[in-house]
There are 4 protein chains.
Amino acid sequence: MISAQEFIARQDRLLAQCQPNSVCIVPAAGLVTRSRDTEYTFRQDSDFWYLTGFEEPDAWLILSNHPRYGESYRAMVVQEKDKSAEIWHGKRLGAEAALSRFSLDEAFETHELEEALLASIQGQDNVYFTLGYNQSHDRLFTEALNTLREAPKESLAPCAVHDLRPQLHEMRLFKSACEVAMMKAAGEISARAHKRAMQFASPGCFEYQLEAEIHHEFAMAGARSPAYSTIVGSGDNACILHYTQNSAQVNDGDLILIDAGAEYQGYAADITRTFPANGKFSHAQREIYSVVLKALKKRIGYVSARCHAF
Amino acid sequence: MISAQEFIARQDRLLAQCQPNSVCIVPAAGLVTRSRDTEYTFRQDSDFWYLTGFEEPDAWLILSNHPRYGESYRAMVVQEKDKSAEIWHGKRLGAEAALSRFSLDEAFETHELEEALLASIQGQDNVYFTLGYNQSHDRLFTEALNTLREAPKESLAPCAVHDLRPQLHEMRLFKSACEVAMMKAAGEISARAHKRAMQFASPGCFEYQLEAEIHHEFAMAGARSPAYSTIVGSGDNACILHYTQNSAQVNDGDLILIDAGAEYQGYAADITRTFPANGKFSHAQREIYSVVLKALKKRIGYVSARCHAF
Amino acid sequence: MISAQEFIARQDRLLAQCQPNSVCIVPAAGLVTRSRDTEYTFRQDSDFWYLTGFEEPDAWLILSNHPRYGESYRAMVVQEKDKSAEIWHGKRLGAEAALSRFSLDEAFETHELEEALLASIQGQDNVYFTLGYNQSHDRLFTEALNTLREAPKESLAPCAVHDLRPQLHEMRLFKSACEVAMMKAAGEISARAHKRAMQFASPGCFEYQLEAEIHHEFAMAGARSPAYSTIVGSGDNACILHYTQNSAQVNDGDLILIDAGAEYQGYAADITRTFPANGKFSHAQREIYSVVLKALKKRIGYVSARCHAF
Amino acid sequence: MISAQEFIARQDRLLAQCQPNSVCIVPAAGLVTRSRDTEYTFRQDSDFWYLTGFEEPDAWLILSNHPRYGESYRAMVVQEKDKSAEIWHGKRLGAEAALSRFSLDEAFETHELEEALLASIQGQDNVYFTLGYNQSHDRLFTEALNTLREAPKESLAPCAVHDLRPQLHEMRLFKSACEVAMMKAAGEISARAHKRAMQFASPGCFEYQLEAEIHHEFAMAGARSPAYSTIVGSGDNACILHYTQNSAQVNDGDLILIDAGAEYQGYAADITRTFPANGKFSHAQREIYSVVLKALKKRIGYVSARCHAF
């Protein structure tokens, strides 16, 4: 688990890279309908997660380095406490608890979103925001801009909108010890799952059963979703790069390609392996496999010699 | 598996309930982004699936009873064959193969969508369409309407837009033998999964592990997704109706509520059971459980006496 | 001026042509920005004007023949009374005065629009609405539909959306005595304006000056806007069908084509005439003019013999 | 008339104030529907007009100081030549003629807009654009951004979007000799129009007739539209700040307030005067008028002493 301090440190590092008189606006993800009144399992936005570790949908993080706030400003808009909604859909943190959990200067509820955006943007020179990523976020944002522009003192609307991602994604490339630990966990879970699928595999089984083995291994370890749609392709299906139907029955003599990785605490593993369904490579299969393996090992050696990251 | 004939029969039954000179327009679901360049597992739209059994995204079914087509008209817009896209994302049926698989009068590719909509709507009195369900479908549809209205002969635009769902959803209430078989399969898979979770459960396990057991049982039987987000709530969590976090550790003495059902070939089971984590009800737990069970049995008896459906 | 009774009679005639259990929803036009904070002269929506004679923007007329209302239902949503807005932009009728002026069963203010739409649509079988005409009206309307569909009793959302215009525009073809009087007035104003432009025209004048003469004649008679963009084309410009630049200087020997009509109380005249800038047709001009005039007269004779409308 | 050189100089001055590696994107205005198939008189966007003097709708100006273009880059997207459209709606300049008239490096036609935007934005660090001003422009722009971001080399999308207006509107504050001349012309036309309305006014005339006198004076001088909706308020109406109904009959003893200014070549006059309808102030009217006049004169003296602009 990432500590509260680490999240604060990330926010501060981001803010330090912004131009003076800037506000960063980072919306969380929302729930996505799967069918009628059912939704896909919620997946938090990666950037929002990286900066907050907050697991609720529809929140907004607001950061500013404007001198009017003193050293810095940290605010969040979160779903309001609501007895009926919480009995139906689960507990919410609420604004009051968010204040202390995230060391905020201010906390707002969803119905105050427009006002909070307006107040935080007003008088800034720069806004950092992922314009173009989500239409309804864009609309809220440009409406706030327009409201400020139409106000008597036009100059109160910021003049520059910067993409938040170049700085933030550069930051995300350099992993903390805690992140490395979680990436390792994701890798280990995924490796176990691949081995289990290999052991399970045999001619006659179905691709989706190999997927089931893998996902079960992931989920038992707390990785409830794969990091990406699991690919289990036998025979010809192994030649479709993102084959995710996983519906065919495995034949004797088939190679099986599995591309699967666990998502653990928001961190992804990504492992692809190819193996014979019946446990033995044919001569031709072995030869091709060996060529690819040799190339891979050479490449890894080449990288290791030049890279001291971990 | 539903036969091709059954899908055709459903389409004909739907069309027979439409007013004369009508066209039905039924769009498939599209892919939904989960994070950056990864997507949730595709879920076909239930109505589109009921009428076609076609598993691809972004298709459109067009049916008409207008006399100009003779007895009836059946068309589909499908993703175009595209070598590169198919190597990346999997094979597509294509327009030509769709023609015979679905006994269509015409088959179009996605880039012909606007034209196909326009041609099929023109001169009709009624359109059956799920207005308001999907903004981009609505836009395509109203643009087609406006194009016809602005054309020299204004009268060629249909004057009534009917909701497709009342008729279609009424039809879907009456299950064929084949559907009943799949519902039974969904129910049996789900019952097995619940039993497996009960056997696995013990103080100290995590809610998400019970979920993992259930989903594995589903997936091994070909039900790759649950019909709705699985609820595993222990202790207090059992009182949140749609608790889907499933993150807590189970305590000795807890009751565990599991609400989970498999989605098999598009058909859903829906089972909720409550049981003691340590295998034994406490006295108070047993009393409440018995009251609820008694009420349930009485209700089932009441229903059975009046209902001869299955 | 159309009487209040005539408007009511029109509404009743429209409602009588709707299917049972129907509601008609007719939005007024809104203000349109010309540049920054200035707007074009407000033009009411023709259909809304025909049914109400109400000159304010952003109103909605709601009519229903549902038996729950007794004989019929008549409501309007209007801009709220607002001291500051009225000092800035002019007086508003307000909901209370609208009640009696338009013999309404209910009157609402703009901030009640969503509720009023919802309440009036709920439980109806049919809605008559000009879907596809205005994006923000469409959004309000489909949001109301979706709210009703998601409500516990799904059946409360109407299943058919009819285009209001076929019936309404058929009604508008048959003019009352009062309408004929206003059309005559529009025609007479326009004829005077054409004559004045002919008298003013001479080589060296500018096309826009002829437009100025025409618009002045219109406006002095209370027709503050032309019914359509006035066309004054001299020389080659006369061959551009909708030439509205009107920027050229008139040459000796030019023919001048003027296509201009006054809009009087919402009723349009439409007159086109061609004449020589210097007062005398050349031989060739006269010949062509005579051929066209002869054709016109023959056609008018043909029409008069078969038509007894006025 | 502003010379072609002056427009080029303005573009260069704007570009010189942009950060390095920048592109400016300035869309023209579009046509606006008044009723069904008729449109309001076209009004060019002020910023686009200031930079180009181009009178056609739906054009885009693209400027860049990116070193890849050498010294600077100047491009325009214009409506394509189209025989049928030009016979109906008037001549279009077309891409070829635009090249030389505006000294462009490249000229594109409307159907190339997406490509031209994409090509010009790609690889830039900054875009100057009036985000939030027009929804369909915003959509085109963010779609171009997203296309670049999703392209293999993500870094090719610019990271900052600046509001074009602060720089441009500061530039527009300092008027050239040619602009001053046009402002003087607008002022003189407007002054003549006010005098004419005063002479025409008498008890019994209608407010809209005074408006007609004013607009005629404007239009005869080539100012086809007022710079803003003309206000003619008599009696109580004079107390509504933006009274534009202008429908009342003038009473004996009324004061009449007229607020009207011509728009000449895109430059606005803005004059307000109050006078007695019957030619003579009452005692009370005169006293108030004198107080206001005295305050005005004092203020003008105060400004003149400190300001040497003209």
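A salt bridge here is a side-chain nitrogen of Lys or Arg within 4 Å of a carboxyl oxygen of Asp or Glu. This is a predicted model, in which local features need pLDDT of at least 70, side-chain atom pairs count only at pLDDT 80 or more, and totals for chains, interfaces and linings use all residues. Residues are numbered from 1 along each chain as its sequence is written, chains are lettered from A in the order in which they are written, and side-chain values use heavy atoms, leaving out hydrogens and water.

Q: How many salt bridges does the rule find across the interface of chain B and chain A?
A: The rule finds eight.

Q: What makes the meeting of A:R224 and B:E211 a salt bridge?
A: Their side chains come to 2.8 Å, N to O. The cut-off is 4 Å, so the pair qualifies.

Q: Why is the link between C:D163 and B:R149 called a salt bridge?
A: The closest N and O atoms of C:D163 and B:R149 are 3.4 Å apart. That value lies within 4 Å, so the name applies. Across the interface of chain C and chain B, the rule finds two salt bridges.

Q: What area do chain B and chain A bury between them?
A: Buried area is the accessible area (1.4 Å probe) that two parts lose on being put together, summed over both. For chain B and chain A this comes to about 4,000 Å², with 48% on carbon and sulfur atoms. Within chain B, the residues that lose the most area to chain A are B:R34, B:R36 and B:R224, together 18% of what that side buries.

Q: What is the area buried between chain C and chain B?
A: Here the value is about 1,300 Å², and carbon and sulfur atoms give 49% of it. On the side of chain C, 37% of the buried area comes from C:L131, C:R149 and C:C159, more than any other three residues supply.

Q: Which residues count towards the contact of chain C with chain B, and how many are there?
A: Contact means heavy atoms within 4.5 Å. By that rule, 15 residues of chain C and 15 residues of chain B take part. Between chain B and chain A, 49 residues of each are in contact.

Q: Why are strand 8 of chain B and strand 8 of chain C said to pair?
A: Strands (DSSP runs of E, at least two residues, numbered from the N terminus) pair if DSSP finds at least two bridges between them. Three bridges join these two, so they pair, and they run antiparallel. In this pairing, B:H162 stands opposite C:A160.

Technical notes:
Helix = DSSP H or I, 4+ residues; strand = E, 2+ residues; numbered from the N terminus.
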